[in-house]
Amino acid sequence: MTLDRRQWLKGLGGGLLGAGSGAWATRRAASDAPVRPKKDPAAAGSLRLADFRPRSMLHVARTQVARARYPVIDVHSHLGWTARSEKGVAFGEDVKLLITPEDALAVMDRKNVQAMVNLTGGTGRGLERSVAAFDRAAPGRFFTYTEPSYGRFLEPNYPQIQADAIEAAGRAGAKGLKILKTLGLYLREALTTGPLVRVDDRRFDPMWEACAAADMPVWIHVSDPEAFFLPIDAENERYDELGKHPDWSFHGGDFPSHRELMEARDRLFARHPKTRFLALHVGHDAENLGFVAESLDRFPHVSVELGARIGELGRQPRAARRFFDKYQDRILFGTDAVPPPDGEKYPQQVFKDELYEIYFRFLETEDEYFDYAPAPVPPQGRWCIYGLGLPDSILKKVYHDNAARLLGLAS
Ligand SMILES: [Zn+2]
């Protein structure tokens, strides 16, 4: 148990004082006009799913964790991105910055976030701009990553061009390479048309090797929640989410299955043992920790990160706790944070104090049944989560030490 007596009493007091404590409380506060079914018994059962906002009647501890117990490195954020993209493929070097370093630092300082890794730093001049705006403005607080120049994919010497671009990005201050799910799900032979390019396509081999040579780790996002590959129907547990973001569905068409994507990823990992990979979103399969564990056992050069998946981990707290125990040296803290207003479209990722407080509560406390995102309706699926109550020794590693090692920072 990690709550001290004062926190415990506070939580208990909150529970005794009102049924509004705990999960769903934020939900009630956020909706000014609660929807009530008509008194007419004939109307019972006719409530629309979108109007269903149940409040938990549980009287349980509710701990606010305003600051992380140890300094945090958030290894997964998007403080800017490439300005132009078409059908999921980014073009050109212009970047749009989503926040100033001052505004980001204000949140970070309040929450005890020591540093943030900005993954979508762009390429070429855009990368230089990202590095100047963040890394140079506040040294040690921001680390920017570069991305592949997919816009040059059709040039005859692309594999070498891309390998050289990695080296140049390293010199320009990029700390690593970020791969969005563009590779495997959006990039096509003629960029936005033609057959999809596979995750393990050989044309990228020089890029992965250049990362190893330049000692730049690769943060990679392959595939998505398993439900994104299924029909958007009454059985889909992410029905609300896919309804809001139908473009996130990879069901049908010529999309590979989740399993095929994982197999391509595994071939990639196997072929590049000297490249250090961080498999984002809990190894791309937070619903299947057994599979993620197998991947980690098979590939010692791979670690995982938590971004936007505490909803998955927190609904299987016992399996998740065993996972953290076993792989405590290979799990990194990340949120996939996107500053508002862009981030408001994805409440599980919106860069603000409440988001961090939920992550800290999940990792540090044994609170039960609470919201995994600051939103009136759970945005990724209609369930709540349970805290892991990690011991200090594991917290320090997940919050900071594992990331510091992978980023090559002196701890
Ligand atoms: Zn992300």
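The second largest cavity is lined by Arg-265, Phe-269, Ala-279, Gly-283, Val-292, Ser-295, Leu-296, Val-302 and Val-304. Here a cavity is a set of points on a 1 Å grid over the protein atoms alone where a 1.4 Å probe fits but cannot get out, and lining residues have an atom within 4 Å of a point. The model is predicted: local features need pLDDT of at least 70, side-chain atom pairs count only at pLDDT 80 or more, and totals for chains, interfaces and linings use all residues. Residues are numbered from 1 along each chain as its sequence is written, and side-chain values use heavy atoms, with hydrogens and water left out.

H9, helix H11 (289–298) and strand E9 (302–305) each give at least two residues to this lining. H11 has the largest share, 3 residues. Helices (H or I, at least four residues) and strands (E, at least two) are DSSP runs, numbered from the N terminus. The space in the second largest cavity is about 40 Å³. The volume is the space filled by probe spheres set on the points, which are joined across faces, edges and corners.

The largest cavity also has about 40 Å³ of space. Its lining includes His-221, Asp-224, Leu-280 and Arg-309. In total, 2 cavities of 30 Å³ or more are counted.

Thr-275 sits in the loop between helix H9 (258–271) and strand E8 (277–279). Thr-275 counts as buried because its relative accessibility is 0%; buried means under 20% relative accessible area (1.4 Å probe, protein chains only). A polar atom of the Thr-275 side chain lies 3.0 Å from the backbone oxygen of Trp-208.

Technical notes:
Buried < 20%, exposed > 50% of the residue type's maximum accessible area, 1.4 Å probe, protein only. Polar contact = N/O pair within 3.5 Å; in protein donor to acceptor, adjacent residues only side chain to side chain. 1 Å grid on protein atoms, 1.4 Å probe; cavity = no way out; pocket = protein on both sides within 12 Å on 5 of 7 lines; lining within 4 Å.
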